[in-house]
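Q: I would like to learn how to read ring pairs, helix packing and nonpolar cores. Can we go through them one at a time?

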Amino acid sequence: MPNQNPTAGILLALTTAFFWGALPIAMKQAVEVMEPFTIVWYRFVTASLGLGLWLYWRRQLPQVRALGIAGYGTLLLASIGLAGNFVLFNSALEYLNPPVVQVIIQLAPVILLLSSVWLFKEKLGVHQVIGVSCLMFGLLLFFNERLVELFTSFTGYTLGVVLAVLAALVWVVYGLAQKVMLRQFSSPQILLMIYLICALMLTPLAVPEQILLMDQRQLGMLMFCCINTLVGYGAFAEAMARWQASQVSAVITLAPLFTIIFVDLASLVWPQYFAAAALNVMGYVGAIVVVSGAMFCAIGHKFIRQHN
């Protein structure tokens with residue numbers, strides 16, 4: 001395991017937040033002509049090849065014979081969870097702007113936290129209760145203009161929100177399964193096995209020739225999505241190895257704010273392709289509160305401890 005290096009840790013965590021923040025913007029462009037199943041298939045195939053070669057070079061390929069029946073079941077569950085997350089996330093982008101999807105997906109680590117408390121009997125701290133409360137309040141502020149529509153009619157916007165929430169829920173299945181598998185394998189080894197299974201599962205549903213329908217802009221966005229899977233998750237794994245997990249988690253919650261900034265900047269430079277976030281003041285405040293709540297869940301105990 002690499003030595004603890006806070007400087008490298010924060011740079012890697014910021015790299016993850018940067019790439020994950022830009023991801024939904026690129027996928028929004030790619031999904032114009034390519035189905036979500038196919039985009040995700042390309043991402044998993046690319047990630048499998050890249051990560052597989054890297055682990056082979058480091059002589060760290062996973063020994064699948066050590067899994068056992070229960071291990072295979074857990075691996076399959078994790079694969080279904082991550083594949084479902086990728087597909088639902090992409091599908092939500094057909095109905096919602098990238099900042100909206102990115103803010104909703106912040107539910108995932110919070111639900112994972114609550115699920116871990118229930119399944120693994122982990123202790124729920126005061127800071128986590130405060131963080132979850134802030135996150136829920138922030139979501140209400142963020143959707144202040146669309147709350148009536150969300151709860152009184154089933155529009156395309158509502159469908160997009162439902163798909164994004166489901167994406168967060170199935171990611172929790174992946175997160176819990178990976179937590180169990182970490183007893184036997186490293187994070188990169190688990191990801192390689194999951195990427196391969198996901199690529200195989202989605203092969204019958206993918207239409208690879210749709211790539212021929214893409215113009216240069218859309219093709220570039222698809223390539224960025226594929227690279228993003230490797231760089232984003234790779235930087236995340238390396239950050240976890242060099243810095244405290246709670247602090248890494250706090251930094252990557254900045255991803256929605258990166259998304260909002262990137263979307264607003266892109267709408268100024270390429271208004272024909274990108275629409276601004278279109279949030280009122282309460283919406284922007286809500287996004288900040290959501291991020292702050294998720295961040296407080298990760299590192300709030302440090303502040304509480306200092307004031308006791």
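Q: Are Phe142 and Phe143 buried or exposed?
A: Both Phe142 and Phe143 are buried; buried means under 20% relative accessible area, exposed over 50%, and partly exposed in between, with a 1.4 Å probe and protein chains only. The model is predicted, so local features need pLDDT of at least 70 and side-chain atom pairs count only at pLDDT 80 or more, while totals for chains, interfaces and linings use all residues. Residues are numbered from 1 along each chain as its sequence is written, and side-chain values use heavy atoms, with hydrogens and water left out.

Q: How many aromatic pairs does a search of the whole structure find?
A: A pair of aromatic rings is described by the distance of the centres and the angle of the planes. Rings of Phe, Tyr and Trp (its six-membered ring) pair if their centres lie within 6.5 Å; planes under 30 degrees apart count as stacked, over 60 as edge-to-face and the rest as tilted. The search finds 14 pairs. In one, Phe19 and Phe224 have ring centres 5.8 Å apart and planes at 10°, so this pair is stacked. Phe19 belongs to helix H1 and Phe224 to helix H10, so the pair ties together parts 205 residues apart in sequence. Helices here are DSSP runs (H or I, at least four residues), numbered from the N terminus. Phe19 is buried, at 17% relative accessible area, and Phe224 is partly exposed, at 25%. The rings of Phe142 and Phe143 have centres 5.1 Å apart and planes at 90°, so that pair is edge-to-face.

Q: At what angle do helix H3 and helix H9 pack?
A: Two packed helices are described by the angle between their axes and the distance between the axes. Axes are lines fitted to C-alpha atoms over the stretch in contact, and angles run from 0 to 180 degrees between N-to-C directions. H3 (residues 68-92) and H9 (residues 187-202) pack at about 65°, with axes 9 Å apart. Residues making the contact (heavy atoms within 4.5 Å) include Leu82 of H3 and Ile194 of H9.

Q: Which residues have the most contacts inside the largest nonpolar core?
A: A nonpolar core is a set of buried Ala, Val, Leu, Ile, Met, Phe, Trp, Tyr and Cys residues joined through side-chain atoms within 4.5 Å. The largest has 44 residues, and those with the most contacts inside it are Phe44, Leu82, Ile194, Tyr195 and Tyr233. H9 gives the most to this core, with nine residues. Leaving aside neighbours within four places in sequence, Phe44 contacts residues including Leu82 and Tyr195.

How values were computed: Helix = DSSP H or I, 4+ residues; strand = E, 2+ residues; numbered from the N terminus.
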